[in-house]
Structure formats: structure tokens, C-alpha cells
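Please open the structure in your viewer and keep the selection tool at hand.

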Amino acid sequence: MSSELSKIWLSSPHMGGQEQEFVAKAFKENWIAPLGPNVNGFEADLEDYLGKNKHIAVLSSGTAAIHLALVQLGVSEGDEVICQSFTFCGSANPIMYQGATPIFVDSEASTWNICPKALETAILDRIAKGKTPKAIIPVHLYGMPYLVEEVAAVARKYDIPIIEDAAESLGSTFKSKSCGTFGDFAALSFNGNKIITTSGGGALVCKDKVSKEKTVYFSTQARDSAPHYQHSEIGFNYRMSNISAGIGRGQMLVLDEHVALRRGMHEFYKTLFEDIDGVEVLSEPSEDYFSNHWLSAILVHPDKTEGIDREQLRLHLDTYNIESRPLWKPMHLQPVFANMPYYGNKVAEELFANGLCLPSGSNLTYEDRERIKSAILEVFKK
Ligand SMILES: *Cc1c(COP(=O)(O)O)cnc(C)c1O
């Protein structure tokens, strides 16, 4: 039966319509090489969107963006960098690229993001052990802003820069200010499953023009200004191409619409689970928060659902060809990071044990929703 039903994806690319025009223009002008008008245009569109005083360099991925932020903060061999444990590996891997050690910190229950108290405990203990962390990487996971003010206060107190991981939160705001504008640097991602996509890409949001220029320099193999190719530092091949940026320009035209549609999916789940005991939908803790609800996520408490757990729900949805996925597995539980220091309790671990992401794409149809709804009601016997 399931083979006859088309797949409902967690989050799939959703084109607005004008992407091909930007790409076609690049072909017509033979501007296929990296750099070119779409790269500059996409950067200008993003700078307009995030608000004044921001300088943005578009890159090959969000992971590359975090890496170049670490490079510019001088993170190197033997240094320590604090990272939210409850995240995707793209937040943490660049710390390893630099030969530094990630120090993982637990989440708090209201936003599911980095806990400011555990953060301060971690900083004090690392200082006592002899090293002040070189940076803090908090994440706006699933589009939900982290405790922006509390985290900034801790960072200021110990004078540690913030690299804001805004890969999942383009279009989210805290007190009407855009996510991606709170850190010393911020990383965006345009990977295929994100709220807008360039078929793979990212950006680094910088505080000033000089650090944007530095980012561009490092992303194009750190070339000195000379007629020949000369290099005084090690660079990277991380710049976004003019073709990808063309897709990005088209996607910027539909970003706000995508945010509204994803928020619509979140509303759909809020209503659906209102009458089902033991299921919580991740929602904004107060009016200060505005999430793009990139992914709608739930917690299933088996002690209140007559034993139904998130895995049962996931497998049941799968029989209807509906994709859902456990929440991110915390970094401190990953085999590759098993020996790295961790500060906190079991908040992230419990989120991972009981949480599930549900189909959230901006391109889901009325029929898709009806199918999701009846499959969910069936498992909870409603
Ligand atoms: C997607 C993502 C990244 C990395 O972005 P890529 O463009 O895939 O390299 C980093 N952090 C988080 C939280 C993400 O979801």
C-alpha cells in the first residue's frame, strides 16, 4: 500500500519560480565562474534582509562559514571553543578542522538551546583548568532563537566572542531583531533542506567591511595582491559560485512566504496535538520570540500517552510513506566526540530520547496534511 503513496518529506527544496531566470542570465552572459553579479546581488539581498550595518560573504556551505569565523578569531591547535551540544555536526566539526577542542554545553528546556547557567559553569571550569575558551557557538535550533540576552551577558562578562549558528533560523527574530545579527559572526546555511536553498551554500555575517573582505580573501585561497599568484597564508576554496547565488536571489523573493508557510505547518500541529495528552509541540516561550519554525518538532511523553513513544509514531508514519526524524543527537553522545568535555545535565539527552521532527516543508499540500493528520490520529487512537 505504502508504495502507492507519494513520499511526504520532512523538508524538501521549494522553488519560487524566478530562480531559473537568474541562472539563465548567468549562462547567457557566460558568468559561470565563481564571483559575478549574482554573488554580489545575493549578498546585497541578504544584507537588506538582515538589516543595516551587516556585511555578508556568501560561501560554499554553512560549515565553511563557521570555519572561517574560527580562522578569523585566531582559533588554532590546542585552543578550546564552547559549542551547544544539541545541534547538527556542522556546528562542531570546524572546531576540529582547526585542531582545537570542542567543549560541549547542555540545553535549557524553554528554547531547547544552550543553557546560560551551564555555559557559565563551563567557562569558569575551563578557566580554572588553565584556558579561556576562544569562542562560544550557540545555535537557534529548528528556527527557535536561543536565550539571546542571557547568552550575550555571559559572553560579555568573560569577554568571549560569539559565533551565532543561524543555519536554521533565517527569518526568525528576537525582540524584532533578526537571528544572524546577534553574534560577532553569524553563519547561515542554504543547504537543500533549509528554509531557502542554493542547492548547497552558506554565508558568513560579519560586523564590518574589513572582516567581510577578510572572509572573501580566505574563501578564495588567500591570494596576495600581485599580478601572479602569491600566498602568505593558507586559504580555502569556499566561495559560492555565481550559479548557486542566482538560485539564492530567486529564493530571497519567496523567503517571507516560506516563513509564513512553515509557521502554518507549526499551527497545524499545535491544533492537531491540542487534544492529545502527552505530546508537546516546540513553541515560542514568549512574545519576544518569533521562530521561522524551519522544522516542527514534538516531544512525546510515553507515561502520558498510554505507552506510545516517538519511535512508534515514527515507524507508523513511515508505513504511510511519511518521513519524520528523531531530534538531533547531542554532540557529546556522538562516538566521534566521546572524549570531549561536557557540561550540563540531561536536558539534551531527554530531548533526543523523546523528540521527533515532523514534515514541515513550505510545499506541503492540503492532501499531504490530511494524510499526516489521519496517520497521527490513528496511532493515538483518536
Ligand atoms: C545545516 C546546518 C549547519 C551547516 O550548514 P551546511 O550548509 O550544511 O554546511 C550548521 N549548523 C546547523 C545547526 C545546521 O542545521
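This is a predicted model: local features need pLDDT of at least 70, side-chain atom pairs count only at pLDDT 80 or more; totals for chains, interfaces and linings use all residues.

Residues are numbered from 1 along each chain as its sequence is written, and side-chain values use heavy atoms, with hydrogens and water left out.

**Stop 1: salt bridges**

Side chains of opposite charge can pair when their charged atoms come close. A salt bridge is counted when a side-chain nitrogen of Lys or Arg is within 4 Å of a carboxyl oxygen of Asp or Glu. The structure holds 16 salt bridges.

Select Lys134 and Asp79, whose closest N and O atoms are 2.9 Å apart in a salt bridge. Lys134 is in the loop between helix H5 (116–128) and strand E4 (136–137), and Asp79 is in the loop between helix H3 (62–72) and strand E2 (80–84), so the pair ties together parts that are 55 residues apart in sequence. Helices (H or I, at least four residues) and strands (E, at least two) are DSSP runs, numbered from the N terminus. Are these two residues buried or exposed? Lys134 is partly exposed, at 30% relative accessible area, whereas Asp79 is buried, at 15%. Here buried means under 20% relative accessible area, exposed means over 50%, and partly exposed lies in between (1.4 Å probe, protein chains only).

Next, select Glu213 and Lys209, a salt bridge with its closest N and O atoms 3.4 Å apart. Both belong to helix H7 (residues 209–219), where they are four residues apart and therefore separated by about one helical turn. Glu213 is partly exposed, with a relative accessible area of 46%, and Lys209 is exposed, with 52%.

Now select Arg263 and Glu284, which form a salt bridge with 3.0 Å between the closest N and O atoms. Arg263 sits in helix H9 (residues 255–273) and Glu284 in the loop between strand E10 (279–281) and strand E11 (289–290), so that the pair links distant parts of the chain, 21 residues apart.

**Stop 2: helix H6**

Select helix H6 (residues 148–157), in which Val148, Val151, Val154 and Ala155 are buried. Because they cover an arc of only 140° around the axis, they are on the same side of H6. That arc is taken from the directions from the helix axis to the C-beta atoms. On the face turned away from the buried side, look for the exposed residues Arg156 and Lys157.

**Stop 3: two residues with positive phi**

Select Ala222, which has a positive phi of about 50° although it is not a glycine. Ala222 lies in the loop between H7 and helix H8 (242–252) and is buried, with a relative accessible area of 0%.

Then select Glu306, another residue other than glycine, whose phi is positive and near 55°. Glu306 is found in the loop between strand E12 (296–300) and helix H10 (310–319). With a relative accessible area of 84%, Glu306 is exposed.

**Stop 4: Met96**

Select Met96 in helix H4 (residues 93–97), a partly exposed residue with a relative accessible area of 34%.
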